[in-house]
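Me: Hi! I have a model open and would like to talk it through with you. Can you take a look?

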Amino acid sequence: MSKSYTQKSEHTNLWTFSLELGYFAGLIWGGARWLMYAMHFTKVLPGFLAEPFFKHDFLKTSAGNLIGYLFFIACSVIATLLYVLLFRKLKGPWPGMIYGVLWWSAIFLAGSWLFLQQRPFRLPWNSVISEFCIFLLWGLFIGYTAAIEYTDERKREQQTKLA
């Protein structure tokens, strides 16, 4: 006889969950970033994270866009590992949104002093706002998915469906 869902003591593997969540966060929101660039909402190249490793002219090509997309997926996996290790027990959407804003700040504000990116206030405002919003939603996706997986939110949702 099997136990009901609420009685199981299954634990989600931190590493595989982080890899999967980070991959899909990078795939979805990296695709959204590329689409925003293609539709001229932002002037920041899709390969901006690969800027220290590749020439700027190469990153403007299709192969450079693909490399940038892969770098964004890799960055998302690393960011998700950090979030799951440090903040997985935080509930609700706000911690993830703050996490996304912190990453935006680290890349666009602090990164500009490390020559990783143009200073955000030299970019057009639509680029700054678009990038900010993408990172906000990216962090929300990571944070809220981790919160649902590692807090009692999933169990509570199951119980309300059964009632």
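Me: What kind of model is it, and how are residues numbered?

Reply: It is a predicted model, in which local features need pLDDT of at least 70 and side-chain atom pairs count only at pLDDT 80 or more, while totals for chains, interfaces and linings use all residues. Residues are numbered from 1 along each chain as its sequence is written, and side-chain values use heavy atoms, with hydrogens and water left out.

Me: What is the mean pLDDT of the chain?

Reply: The mean is 85, and 80% of the residues reach 70 or more; pLDDT is the predictor's confidence in each residue, from 0 to 100. Contact here means heavy atoms within 4.5 Å.

Me: How many helices and strands are there?

Reply: The chain has six helices and zero strands. These are DSSP runs numbered from the N terminus, with helices being H or I of at least four residues and strands E of at least two.

Me: Switching to charges, how many salt bridges turn up in the whole structure?

Reply: The search finds one, counting a side-chain nitrogen of Lys or Arg within 4 Å of a carboxyl oxygen of Asp or Glu. Arg-33 and Glu-131 form it, with their closest N and O atoms 2.8 Å apart. Arg-33 is in helix α1 and Glu-131 in helix α5 (residues 125-150), so the pair ties together parts that are 98 residues apart in sequence.

Me: Is Glu-131 buried or exposed?

Reply: Glu-131 is buried, with a relative accessible area of 1%. Arg-33 is buried too, at 2%. Buried means under 20% relative accessible area, exposed over 50%, and partly exposed in between (1.4 Å probe, protein chains only).

Me: What else does Glu-131 touch?

Reply: Leaving aside neighbours within four places in sequence, its contacts include Met-36, Thr-42, Val-44, Trp-104 and Phe-108.

Me: Where does Thr-42 sit, then?

Reply: Thr-42 is in the loop between α1 (14-38) and α2 (56-59), and it is buried, with a relative accessible area of 2%. Its side chain makes a polar contact with the side chain of Glu-131 at 3.0 Å, and also reaches the backbone nitrogen of Val-44 at 3.2 Å. A polar contact is a pair of N or O atoms within 3.5 Å; within protein, one must be able to donate a hydrogen and the other to accept it, and residues adjacent in sequence count only if both atoms are side-chain atoms.

Me: New topic: how many aromatic pairs are there?

Reply: The count is 17. Rings of Phe, Tyr and Trp (its six-membered ring) pair if their centres lie within 6.5 Å; planes under 30 degrees apart count as stacked, over 60 as edge-to-face and the rest as tilted. Phe-72 and Trp-138, for example, form a tilted pair, 6.1 Å centre to centre with 50 degrees between the planes. Phe-72 is in helix α3 (residues 62-87) and Trp-138 in helix α5, so this pair ties together parts that are 66 residues apart in sequence.

Me: Are those two buried or exposed?

Reply: Phe-72 and Trp-138 are both buried. They also belong to one aromatic cluster, whose members include Phe-48, Tyr-83, Trp-104 and Phe-108.
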